[in-house]
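Work through these exercises with the model open. Try each task before reading its solution.

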Amino acid sequence: MVRDVTIKGARRIDEEEIKKKILTSETPWWGQIWPFHNVHYFDPNSWQADLHRIERYYQAQGYYQARVLRQEVIPDGRDGGGVRLRVEVTEGQPTTISRLDFRGLESLPREHQDAALKDLPLRLGAVFHEEEWAGLKRKIQSALRELGYAEARVEGEARVDVATRQAEVQLAADPGQRYRFGPIFVAQEDLPKVPAQRVLEQAQGAIRADDWYSESAIAQAQARVFKMGVFGGVKVNPAAPDPEAATVPVVVDVREAPFHTLKLGGGVAIDQIRSEGRVLGEYTDRNFLQTLRRLTLRAKVGYALVAGPINDLSQPRSFLQAGGPGWTLDTLAELEQPRLFFRDVRGQLTLGAEKGVEQAFAYVEGRARAGLIWQPIP
């Protein structure tokens with residue numbers, strides 16, 4: 001059993017972060033006394049690989065001179081059934097960025113250059129992190145595509161001099177042509193129940209004709225279509241750009257979900273004053289009367305035993321008599337109409353009834369509510 005792992009010399013990088021990057025892990029104290037816990041055992045081959053992982057993790061954080069000086073596998077003296085692992089590292093000095101060279105953006109307007117290079121994770125004089133370097137190319141490429149350069153590509157390389165502890169970063173961007181959004185196409189299954197026009201209308205809430213292409217608009221269109229609530233899968237993808245028209249068509253691919261769902265359940269609640277058993281049911285029709293109206297019916301029926309001054313089971317009880325036992329009922333019917341007057345406005349009508357039994361009284365109530373739901377943005 002691995003009882004403990006200690007890494008000495010770790011100052012600039014937290015010891016716990018290093019432990020997360022290696023395969024060998026110590027068994028927590030409760031695992032050493034609790035028989036059903038998954039015990040972590042020592043594997044010499046994995047431990048040797050972990051020593052290289054420690055050095056590699058340091059390098060990824062910019063410490064290319066970091067080395068494992070020594071390691072120990074110490075048998076645990078209590079019962080001989082465990083080991084304690086000790087590692088001593090020397091971190092060395094960090095590698096810093098001495099040069100940042102960006103090419104390929106000179107032909108763009110100045111505001112586009114500034115937007116593409118805004119808030120970069122790497123800067124001159126900072127410690128070179130490999131993870132930030134990997135994300136740098138993606139960030140610039142994403143920023144360019146957000147500005148309408150749908151075919152933007154960013155390549156580059158980083159040269160690290162271990163001896164001088166300096167890193168030179170070079171990036172080459174190819175923005176390509178700037179595009180606007182083109183026509184939107186809807187791909188559906190055979191004999192769809194949802195009209196393509198409804199899908200198109202929601203997508204157009206985010207993707208407007210002749211707007212500059214952007215990936216955020218693509219994501220927003222996908223969210224709008226999915227929130228219609230009738231699709232199990234929605235994918236909005238840009239099609240191949242049309243260089244002559246300088247437009248990017250968009251394809252909305254949808255797969256309809258089941259339009260009818262039924263849920264059934266039950267439960268029992270017991271305490272000193274009230275005990276109740278109940279069954280629950282819910283039915284949803286997402287295409288009520290073939291117009292994408294959502295009809296939801298819920299019902300909860302129960303029988304309650306309520307402690308009170310009058311609780312004689314042998315006596316007949318009226319519908320509204322205080323105390324228990326007695327039947328309980330809670331019902332709800334909700335109808336939601338999409339696209340009421342406008343695309344982003346929904347109408348909702350709710351009707352409900354409830355019958356309950358308490359210690360001092362019983363009651364029957366009704367509820368009605370009508371409202372408009374306006375969601376201008378997702």
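A polar contact is a pair of N or O atoms within 3.5 Å; within protein, one atom must be able to donate a hydrogen and the other to accept it, and residues adjacent in sequence count only if both atoms are side-chain atoms. This is a predicted model: local features need pLDDT of at least 70, side-chain atom pairs count only at pLDDT 80 or more, and totals for chains, interfaces and linings use all residues. Residues are numbered from 1 along each chain as its sequence is written, and side-chain values use heavy atoms, with hydrogens and water left out.

**Exercise 1. Serine 214**

Task: Find what the side chain of serine 214 reaches, and decide whether serine 214 is buried or exposed.

Solution: 
- Step 1. Locate serine 214 in the loop between α5 and α6. Helices (H or I, at least four residues) and strands (E, at least two) are DSSP runs, numbered from the N terminus.
- Step 2. Follow the side chain of serine 214 to the backbone nitrogen of alanine 217, at 3.3 Å.
- Step 3. Check the burial. Buried means under 20% relative accessible area, exposed over 50%, partly exposed in between (1.4 Å probe, protein chains only). Serine 214 has 9%, so serine 214 is buried.
- Step 4. List the contacts (heavy atoms within 4.5 Å). Leaving out residues up to four places away in sequence, serine 214 touches Arg145, Glu146 and Phe181.

**Exercise 2. Aromatic pairs**

Task: State how many aromatic pairs the structure holds, then describe the one formed by phenylalanine 181 and tyrosine 213.

Solution: 
- Step 1. Apply the criterion. Rings of Phe, Tyr and Trp (its six-membered ring) pair if their centres lie within 6.5 Å; planes under 30 degrees apart count as stacked, over 60 as edge-to-face and the rest as tilted.
- Step 2. Take the count: the structure holds 4 aromatic pairs.
- Step 3. Phenylalanine 181 and tyrosine 213 are 5.4 Å apart, centre to centre, with 50° between the planes, a tilted pair.
- Step 4. The pair links distant parts of the chain: phenylalanine 181 is in strand β7, tyrosine 213 in the loop between α5 and α6, 32 residues apart.
- Step 5. Phenylalanine 181 counts as buried because its relative accessibility is 3%. Tyrosine 213, at 4%, also counts as buried.
- Step 6. Turn to phenylalanine 361 and tyrosine 363, another tilted pair: 6.1 Å centre to centre, 45° between the planes. Phenylalanine 361 is partly exposed at 45%, and tyrosine 363 is partly exposed at 23%.

**Exercise 3. The largest core**

Solution: 
- Step 1. A nonpolar core is a set of buried Ala, Val, Leu, Ile, Met, Phe, Trp, Tyr and Cys residues joined through side-chain atoms within 4.5 Å.
- Step 2. The largest has 26 residues; Val194, Ile207, Val225, Phe231, Val236 and Val252 have the most contacts inside it.
- Step 3. The elements are β7 (180-187), α5 (196-203), α6 (215-226), β8 (231-238) and β9 (247-256).
- Step 4. Beyond its neighbours within four places in sequence, valine 225 contacts Val199, Gln202, Ala203, Phe231, Val234, Val252 and Val254.
- Step 5. Apart from this core lies another, of 20 residues, including Tyr64, Trp133, Leu144 and Ala173.

**Exercise 4. Positive phi**

Task: Where are arginine 165 and leucine 289 found?

Solution: 
- Step 1. Most residues other than glycine have a negative phi.
- Step 2. Arginine 165 has a positive phi, near 55°. Its place is the loop between β5 (153-161) and β6 (166-174). At 31%, arginine 165 is partly exposed.
- Step 3. Leucine 289 has a positive phi, near 60°. Its place is the loop between β11 (274-288) and β12 (293-306). At 57%, leucine 289 is exposed.
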